[in-house]
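Let's take a walk through a protein model together, one piece at a time. Keep the sequence and the 3D view side by side as you read.

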Amino acid sequence: MPTTPLRGRRTVKASRALGIALTPKAQKYLDRRPYGPGQHGRTRRKTDSDYAVRLREKQRLRAQYGIREAQMTRYYEEAKRQSEGLTGENLIELLESRLDALVLRAGFARTIAQARQFVVHRHILVNGKRVDRPSFRVKPGQMIHVHERSEKFEPFQIAAAGAHQEVLPAVPGYLNVEIEKLQATLVRKPKRAEVPVTCEEQLVVEYYAR
């Protein structure tokens, strides 16, 4: 279940191109090399067009949740249909309600890719029932936990010791986590101000509204 070296290198390269750390490992690379990849990475780039700025911001958001373009478009359309709140904030709140995102926030996984892998491999339960869809929308009051048979596996032993929480952002207020039990409850809907993603969501809205 660990990240392969090739995938790790790809993630680091993507992180440098987007200017954000997509994994703790990528953060170490960015700290050492805070510029884009390639031989021209250190040089000043020409001013980007408005379209390029919006496109990059959309790619940054997509990369942080590791979702496909078709999925992102569906989330945007749903966010736009909501009668309350700003579309950009609604978009991020919808993304943050995904099961894989909450598995990551709780500290059960080190990266969003690992969180998705745990869900797909049926290690994760919601209110006692196995869920193998990373896009499953968790509702307030529902508990996310690791299957008791999976708790003995090394990745979850590492997680239960709090190792991932040491390198990830602080657990947001909408989650109540008992890391030693590998349990987390979504106590309320996520609010944009609390969600630990790097994004100017209005630029993403402008990209899709063009």
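How many bridges join strand β3 to strand β5, and in which sense do the two strands run? Strand β3 (residues 143-146) and strand β5 (residues 183-186) run antiparallel, and 3 bridges join them. Here strands count as a pair if DSSP finds at least two bridges between them. Helices and strands themselves are DSSP runs numbered from the N terminus, with at least four residues of H or I for a helix and at least two of E for a strand.

Before going further, a word about what you are looking at. This is a predicted model, in which local features need pLDDT of at least 70 and side-chain atom pairs count only at pLDDT 80 or more, while totals for chains, interfaces and linings use all residues. Residues are numbered from 1 along each chain as its sequence is written, and side-chain values use heavy atoms, with hydrogens and water left out.

Now step back to the whole chain. The chain has 9 helices and 5 strands, and along the sequence they follow the pattern α-α-α-α-α-α-α-β-β-β-α-β-β-α. Of its 210 residues, 43% count as buried; buried means under 20% relative accessible area, exposed means over 50%, and partly exposed lies in between, using a 1.4 Å probe and protein chains only.

Return to the strands. They form an open sheet of 5 strands in the order β2-β1-β3-β5-β4, with antiparallel pairing. The edges are held by β2 (129-130) and β4 (175-178); each has a single partner strand, so one side of each is left without a neighbour in the sheet. Strands of a sheet pair through backbone hydrogen bonds, either parallel or antiparallel. Turning to β5, Gln183 is the bridge partner of His145.

A polar atom of the His145 side chain lies 3.1 Å from the backbone nitrogen of Gly128. Leaving aside neighbours within four places in sequence, His145 is in contact (heavy atoms within 4.5 Å) with residues including Phe108, Asn127, Gly128 and Leu182.

Most residues other than glycine have a negative phi. Asn127, however, has a positive phi near 50°, and Leu182 has a positive phi near 55°. Where do they sit, and are they buried or exposed? Asn127 is in the loop between β1 and β2 and is partly exposed at 44% relative accessibility. Leu182 is in the loop between β4 and β5 and is buried, at 3% relative accessibility.

Helix α6 lies across β1 (124-126), β3, β4 and β5, running at about 55° to β4; axes are lines fitted to C-alpha atoms, for helices over the stretch in contact, and angles run from 0 to 180 degrees between N-to-C directions.

What about the nonpolar core? Such a core is a set of buried Ala, Val, Leu, Ile, Met, Phe, Trp, Tyr and Cys residues joined through side-chain atoms within 4.5 Å. The largest one has 46 residues, and Leu61, Tyr65, Leu99, Val103 and Phe108 touch the most other members. Helix α6 (residues 99-106) gives the most to this core, with 6 residues. Leaving aside close sequence neighbours within four places, Leu61 is in contact with Met72, Leu91, Ile92, Leu95, Cys199 and Val204.

Val204 is among the buried residues of α9, along with Leu203, Val205 and Tyr208, whereas Gln202 is partly exposed at 48%. The buried residues of α9 pack against α3 (50-65), α4 (69-81) and α5 (87-96). The axes of α5 and α9 are 8 Å apart, at an angle of about 100°. That makes α5 roughly perpendicular to α9, a label for angles of 65 to 115 degrees; those under 35 count as roughly parallel, those over 145 as roughly antiparallel and the rest as oblique.

Note on methods: Polar contact = N/O pair within 3.5 Å; in protein donor to acceptor, adjacent residues only side chain to side chain.
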